[in-house]
Amino acid sequence: MHYENMQADSAFGFDGTWQDFAKIALPNLLLTIVTLGIYRFWATTRERQYLWSHTRFVDERLEWTGTGKELFVGFVLVMLLFALPVFGIQFVSQALVMRGYEAAGVLLGMLPLFAIFYLTGLARFRALRYRLSRTRWRGIRGGSNNQGLGYGVSYMWKTFVGYLAIGLLIPWSMTSLWNERWGKMSFGPYEFNAHADSGNIFARFLLFYLSPIIFVVGGVIAAATGGLAGYGLGGEEGAGIGAMASFFILAIFFYFGLGVIAVAFYAKFYREAVGSTHWEDLHFSFEASTMDWIKLLIGDVLIVMFTLGLGFIFLSYRHWKFMIENLEASGDILLDDLTQSTTKTAKHGEGLLDAFDIGAF
Amino acid sequence: MESSFRTPAQWYDGHNAIRHEGEALWDGSGTLSLRGFSSELTLPFADLEFGEHRGGEMVYRRASEPDFRLILPEDLPPGLAAKLPEKKVYGGWIDKVGLGKASAAFAAVSVAAVALFLTAPDWLGPRVPHSWERNLGDAMVGDFGNRLCSTPEGDAALAKLLDAVDPDEQQVRAGVANIGMVNAVALPGGQVLLFDGLVQDAETPEELAGVLGHEVGHVRERHVMTALLRQFGLSILLSGANSGVGDTVFGLASMGYSRDAEREADEFARERMEESRVSPLGAARFFERIGGDSEAEEDSLVGWVASHPAPRERAKAFRKAAEGKTFAPVLTAQEFEALKSMCEDDPDVEEFDFFF
């Protein structure tokens, strides 16, 4: 066994190195370019094989059994079942407008937008299902017997209701969707269940929600103060410069400050969501603080900037490592009872998710 | 070479999560024996598949038992290693030919595919049957209903003008669109529209004959189909680049022709006008006007100028075509007037407020 480099005190550990990952990611990039992007399905698979196999859960490594071919098939299916009809609808709606049925044409043209809204939720569900069903631990996999069609509907109305009450129900829609999604997943014979409570993250959300108002009020006071200070130093001209400088500082603060507060909310949400997720007698927790997330994101930006963009190939590595290093689990697993999952597996990959370009977790 | 040996091994049966530990024994035959406290198994080598190479270990699967996993140390004796399935890195035949050669082959195929894709409109466009284009055009733009101006006298004048520049048995469909812009377009399906703005701007019927001939030229030389295919390809490329769907650009209005296509259309117009003894001087004057230095005029003509070759050059070509020839007027003053007042006199013409 080769677990010397792993954090032995944690249930999860990661022992990959970016140098080894580069040996996978760089040829992947080359092959993706020369195949006009088609290789990216196989590239994703190879990256995941590396990341999964360098991830330890308790005393055994994970294994990724997905294939590039099934991702490719998923993509082709989405193109045939979704992109082509959307293209056709655009054609018909344009033709309707051209013939004077403007209202019908515009209405028909909006249909794909609704479809995308529904499919976003469906895609998120199915991507999670796909990833669990292709993850092996001690030969055992996860999955779900649910197709996610109902989740797509939930996603639509919960997201809608979340924004309805001037956005105050967004934390509820986020936790409730997390609970619903994970509640339908299983690994081996056991189901996951999640009871994330939006009450626990509401204070953080209010901070995010109210801060723009505080910023503006504070900003006006600051600008006035700056203007006065400028007046004291350099008369009327000084007042102008002072007020300008204050506004400038305020603008920077507004963008970065709001960004930081958004991250603070997200960090809290993630701790609450993962921390209330269970799998039989095992419960999970996520340790990343707001500062950890900020460091991750600033690191991402710096890496991409200083490599003139090439560094983007390491982002999936960094994010996976971040997730695993902050993920904890405690409780008992009875290996004798941990039998193979009987859930159905889809033959195709996460085509929808790929088409909409969103993350699974 | 050793013909038998034993090595530590771990395996999972794929039915539960219990790890079996023991030894893998090989006696030189076609099978591998696994011996442990909790499990004993004999596997034919032919049933084994390569799984992955991870941190000092090799993982093998069984074809007959998809979730079975056999984990062996990576430093196996060469005799056994030769019996086990080969390691895969990139998968498929990339491993066989090597990364360099595979990349070169992919690149060659990709370059050929891109070249084919980019040039497809030029060689495919003219080969699309006229009937298909007509059907496609009808599906896309229809007949514009009541948005085209129509009076009996105006229609007759327009038909006469069209006869002069489109002698074909099956003529293109021409109409005057109720739009104030100085412009004219050729649409899929052999439809040509003169905008009322252009009709009002024209000083002689010969100017209109020139412009109409030019647009008919686009239809006859299959430029419309070519441009349509190019637009179509572009929308595929754009939707592929961001791998998102829903924001395909499919704007007829943004359809443009190459300068060569514009020259070809001009040439077509000149040839037809010569056959019908229509003076090309009208068209020449039109181009002189839009290429002229009067700012107000340039402003109103910006739509036509932007997508076309230098007007002075074109005017010169039209002027040259007139040298040493005599012409007959293409329309009478009365007919020209009927064409000019067509939109005003049509009692139930509708506005064209969305399209161009």
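## A tour of chains A and B

Start by selecting chain A, where, among contacts between residues at least 6 apart in sequence, 66% join residues at least 24 apart; two residues are in contact if their C-beta atoms, placed from the backbone, lie within 7 Å. This is a predicted model, in which local features need pLDDT of at least 70 and side-chain atom pairs count only at pLDDT 80 or more, while totals for chains, interfaces and linings use all residues. Residues are numbered from 1 along each chain as its sequence is written, and chains are lettered from A and ligands numbered from 1 in the order in which they are written.

The C-alpha trace of chain A spans about 80 × 70 × 45 Å along its principal axes.

Next, select residues 149–164 and 170–183 of chain A, which are helices α5 and α6, whose axes come within 8 Å and cross at roughly 165°. That angle makes α5(A) roughly antiparallel to α6(A), a label given to angles over 145 degrees, with axes fitted to C-alpha atoms over the stretch in contact and angles running from 0 to 180 degrees between N-to-C directions. Among the residues that meet here are Tyr151(A), Tyr155(A) and Tyr163(A) in α5(A), and Trp172(A), Leu177(A) and Arg181(A) in α6(A).

Now move to chain B and select residues 259–275 and 311–322, helices α9 and α13, which pack at an angle of about 20° with their axes 11 Å apart. That makes α9(B) roughly parallel to α13(B), the term for angles under 35 degrees. Asp266(B), Arg270(B) and Glu274(B) in α9(B) meet Arg314(B), Ala317(B), Phe318(B) and Ala321(B) in α13(B).

Finally, which residues touch the most other members of the largest nonpolar core? Of its 56 residues, they are Leu161(B), Val176(B), Leu194(B), Ala209(B) and Leu212(B). Such a core is a set of buried Ala, Val, Leu, Ile, Met, Phe, Trp, Tyr and Cys residues joined through C-beta atoms within 7 Å, where buried means that 20 or more other C-beta atoms lie within 10 Å of the residue's own. Helix α7 of chain B (residues 205–220) gives this core its largest share, six residues. Apart from it lies another core, of 48 residues, including Phe14(A), Tyr155(A), Ala196(A) and Ile261(A).

Technical notes:
A residue is buried if 20 or more other C-beta atoms lie within 10 Å of its own, exposed if 12 or fewer, and partly exposed in between; C-beta atoms are placed from the backbone. Helices (H or I, at least four residues) and strands (E, at least two) are DSSP runs, numbered from the N terminus. Angles under 35 degrees count as roughly parallel, over 145 as roughly antiparallel, 65 to 115 as roughly perpendicular and the rest as oblique.
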